[in-house]
Amino acid sequence: TERIESVAITEETQWFSDKYTDDIKMDCFGWMIEDTTWDIELEMSRGVFHMIKEENPGITKNTTELEGNRFLLTTTVADLRPETSLVLRFPGEIKIIKPREIEEEAARRLQKLDFFGKYFKALS
């Protein structure tokens, strides 16, 4: 509420859309689950798990501790953008078990960087 600068009472009535049901389901990253979902598995270090958990506490219930201070996140998500962002944010700390589309999206996003072509050569 600190960021609210002003409130105005209007004559406009509240509108309602029947597009959404009363039972809105969210994934552990806060995205609304609709028609398309992805089953993901990400293995990560203890440090990365704790950093991600601070921003996304919902991952705790879908994460199991493995040997060697590693953690496995197994869940269903509404979109792959949050997971791709995590992989790019913590390079070498997160192993993508599935789906492969996370790797592909991360590669596409890296190629969009202005300096990518300057320092990296295409694999094929």
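**A helix and its surroundings**

Guide: The covering of the buried residues of helix H2 includes E1, helix H1 (46-55), E3, E4 and H3. The model is a predicted one, and helix H2 spans residues 81-89. Its buried residues are Pro82, Glu83, Thr84, Leu86 and Val87. The elements that cover them may be taken in turn.

Strand E1, one of the covering elements, comprises residues 38-45 and contains Ser45. Is Ser45 buried or exposed? Ser45 counts as buried because its relative accessibility is 13%, which is under the 20% limit for that class. The side chain of Ser45 is joined to that of Glu93 by a polar contact of 2.8 Å. Beyond its neighbours within four places in sequence, Ser45 is in contact with Asn69, Arg70 and Phe71 as well as Glu93.

Asn69, one of these partners of Ser45, belongs to the loop that runs between strand E2 (63-66) and E3. Its backbone deserves attention: phi of Asn69 is near 60°, a positive value in a residue other than glycine. Asn69 has a relative accessible area of 45% and is therefore partly exposed. Strand E3 itself, which also takes part in covering H2, consists of residues 70-77. Confidence within the protein chain is highest in E3, with a mean pLDDT of 97.

Two further covering elements are E4 and H3. The loop between strand E4 (94-98) and helix H3 (100-111) holds Pro99. The peptide bond leading from Lys98 to Pro99 is cis, and its omega is near -5°.

Leu110, Leu113, Phe115, Tyr119 and Phe120 make up a nonpolar surface patch, and their accessible area together is about 500 Å². Tyr119 is part of helix H4, residues 116-119. With a relative accessibility of 55%, Tyr119 counts as exposed, because the class begins over 50%.

H4 has the lowest confidence in the protein chain, at a mean of 81. The average pLDDT of the protein chain is 89, and 91% of the residues score at least 70. Where pLDDT is low, predicted coordinates should not be read in detail.

Notes
Residues are numbered from 1 along each chain as its sequence is written. This is a predicted model: local features need pLDDT of at least 70, side-chain atom pairs count only at pLDDT 80 or more; totals for chains, interfaces and linings use all residues. Side-chain values use heavy atoms; hydrogens and water are left out. Patches are made of residues with over 30% relative accessible area and no salt bridge: like charges are joined within 9 Å, nonpolar side chains (Val, Leu, Ile, Met, Phe, Trp, Tyr) within 5 Å. Accessible areas come from the Shrake-Rupley method with a 1.4 Å probe; for residues, only the protein chains shown count as cover. A salt bridge is a side-chain nitrogen of Lys or Arg within 4 Å of a carboxyl oxygen of Asp or Glu. Helices (H or I, at least four residues) and strands (E, at least two) are DSSP runs, numbered from the N terminus. Buried means under 20% relative accessible area, exposed over 50%, partly exposed in between (1.4 Å probe, protein chains only). A polar contact is a pair of N or O atoms within 3.5 Å; within protein, one must be able to donate a hydrogen and the other to accept it, and residues adjacent in sequence count only if both atoms are side-chain atoms. Contact means heavy atoms within 4.5 Å. pLDDT is the predictor's confidence in each residue, from 0 to 100.
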